[in-house]
Amino acid sequence: MSRLSLESNFANSPDQSQMQPLRPSPTKPVGDHLSEASDWDVDEGEDEGDANVVSSPAGFKYNISRLSPRTRQIAKSLFAQGFSNEPPQISLDFCGLREEDPEGNGYFYAFQMHEVVPCSVRIGSKDSGRLSIPRCECPDARYRHVMPCKHLIWLFDKISKQALFDHDPESELTLTEQGYPEELEDAFDQISQIRLDVLADDLRCDISEPDSDVFPASSARVREAREMVAAVAGIYPSDLDDYGHSFVDSYDRDTLIRRGDLEATLFSLLLSSHSLAQWIRSQLRPSDPAVDPSRVAQQRVYRVIQELKLYSEAERDPKKAEEYLRRGKRAEGPRDLTWAATQIQRCVRKIEKLVSRGLTPLSESERWSAAKSLVSILKAVVIHPGLYGQLIGDRDTGFVFSTLDMLVDQSDFIDELEDIMETIGFLGAPPSYVTNMRRLIERMRSHKPENIGTTVGSGVPRSETPPLSESPAPAVQSFRPSSSNSGQCPSERRETRRTRARRTGQGQWTGLEAFHLSKQPRRQLQGFVEESARGLISN
């Protein structure tokens, strides 16, 4: 109750009638950055229906015919919001009885309310005539000329987290008067390099389509909501892939409460309320899949590959090209092989930074997650012909290897890596890359798999790999089954193609001298590559 306060600075406040419409107006698209109208102004246009009577959430009907046009519109907008499925913008926190002054001149009742008010931030290019400096439409920025406002600083902090992939987390950034760090340089350019819809996945927000005021939940938010519910329900990460698909498939944005199903209800609420999702996200453990940074990087790689596929299809199919253009995907530049390879390299670099330059050593579960994400990324690149040539086949850049080399204690992934190397052997790769990966797998084999603890760090410096004579740090509690095949229980272990035919008693390959068979006619290898690709995907 000590926080209770009714103090207001009316002298510095804008006209109290200047109120943000509670629902977006279909006549004012969100993307119309050239409009001079404030996001806080009220649309004074007449609404359909009885303009003189409104119903309130409390069940009353109000005659508003005597009100001014502006006040009438405020009342109608306010009460209309109460009957929607959107999260309430105004809520009552607490109330209390207070003395008016120490002299005992009377008492007053105080009610403390909380309001979620939307505001808009607009970021233009350096060449923009009006938006070359980022602008926020909040009251502080619009009426009190506060620059930068807290919204700009908050947003650019989120964007910088995704754009500054090569930043050392232990070094400082220099904040500018425009609200973004100096190291970000051109915020508009940084966003366009990533592409807005790809960035939206990492920012956990939806993206609006041109000429539409309906923002359906993105696939990334659907996946994250399922992972959040799984974390609350205590689902092990190894069981995540099989969890929650029933309430995802039956989700209806118009039905929030799923009676008799708490998990499905929480899932619906998370997709309906960004503030609730952000709150729960902030309470999760760093190792929970929904917020695991290595897994987040892996998911961005998958999204980039998906965008590359859509771009390639649009290049070949005129009908898809028209839809692609309508959705504005060409405005930021091509999403071709060069763009995709650059983005994937940045994702791998982010994981490398987590492993090598963190403030504290990674826990054993975090090291396991980093290795799993790297192997998954490598697998996705190997089965994509274009990306394979860009990132592995043409020259040795140490793709994935240089980071996995710091995680040789993660021997759970030996079988997956050997299957991947089998495909690389037939596709062809620089001899130095092949040699380094073979040595890495042999070093991994020297480490016996241990159960992974969720609370105890590995004790291994991030920038160093455990020597072959050093055993991994003992774990206190297992969060997944231990197995040489990641994510499988011992009873579910299957004999891989490698163990059936291609490994000797000394753990060496017997047939991988074919690493350099790339000079053979490609059609002779096509069948094997397709078979290997299907096996990699199924794993």
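At what angle do the axes of α6 and helix α9 cross? In this predicted model, the two axes come within 11 Å and cross at roughly 50 degrees. Local features need pLDDT of at least 70 and side-chain atom pairs count only at pLDDT 80 or more, while totals for chains, interfaces and linings use all residues of the predicted model. Residues are numbered from 1 along each chain as its sequence is written, and side-chain values use heavy atoms, with hydrogens and water left out.

## Overall composition

The protein chain contains 19 helices and six strands; these are DSSP runs numbered from the N terminus, helices being H or I of at least four residues and strands E of at least two. Of its 539 residues, 41% count as buried, where buried means under 20% relative accessible area, exposed over 50% and partly exposed in between, with a 1.4 Å probe and protein chains only. Contact denotes heavy atoms within 4.5 Å. Among contacts between residues at least 6 apart in sequence, 66% join residues at least 24 apart.

## Two helix pairs

The table sets out the axis geometry of the two pairs. Axes are lines fitted to C-alpha atoms, for helices over the stretch in contact, and angles run from 0 to 180 degrees between N-to-C directions.

| Helix pair | Axis approach | Crossing angle |
|---|---|---|
| α6 and α9 (residues 274–283) | within 11 Å | roughly 50 degrees |
| α12 (residues 337–356) and α13 (residues 364–382) | within 11 Å | roughly 160 degrees |

The residues that form each contact are as follows. In α6, Arg221, Glu224 and Met228 meet His274, Ala277, Ile280 and Arg281 of α9. By class, this contact of α6 with α9 has three nonpolar, one polar and three charged residues. Ala, Val, Leu, Ile, Met, Phe, Trp, Tyr, Cys and Pro count as nonpolar, Asp, Glu, Lys and Arg as charged, and the others, Gly among them, as polar. In the other pair, Ile344, Val348, Ile351 and Val355 of α12 meet Ala370, Ser373, Leu374, Ile377 and Val381 of α13. The contact of α12 with α13 has eight nonpolar, one polar and no charged residues.

A nonpolar core is a set of buried Ala, Val, Leu, Ile, Met, Phe, Trp, Tyr and Cys residues joined through side-chain atoms within 4.5 Å. The largest such core has 65 residues, of which Ile344, Leu378, Ile392, Phe399 and Leu404 touch the most other members. Helix α13 supplies the largest share of this core, ten residues. Apart from it lies another core of 18 residues, among them Tyr243, Ala264, Phe267 and Ala290.

Within helix α14 (residues 385–393), Leu387, Tyr388, Gly389, Leu391 and Ile392 are buried. The buried residues of α14 pack against α10, α12, α13, α16 (414–427) and α17 (431–445). When residues up to four places away in sequence are not counted, isoleucine 392 touches Leu378, Val381, Val382, Leu387, Phe399, Ala429, Pro430 and Tyr433.

Histidine 384 is placed in the loop between α13 and α14 and, at 21% relative accessibility, counts as partly exposed. Leaving aside neighbours within four places in sequence, histidine 384 is in contact with Ile305, Leu308 and Leu337. Its C-alpha atom is separated by 8.8 Å from that of isoleucine 305, 79 residues apart along the chain.

## Backbone features in loops

Most residues other than glycine have a negative phi, and most peptide bonds are trans. A cis peptide bond, with omega about 0 degrees, joins methionine 147 and proline 148; proline 148 is in the loop between α2 (139–142) and α3 (150–163). Glutamate 185, although not a glycine, has a positive phi of about 60 degrees. Glutamate 185 lies in the loop between α3 and α4 (187–194) and counts as exposed at 58% relative accessibility. Arginine 204 has a positive phi near 60 degrees and is in the loop between α5 (196–203) and α6 (219–233).
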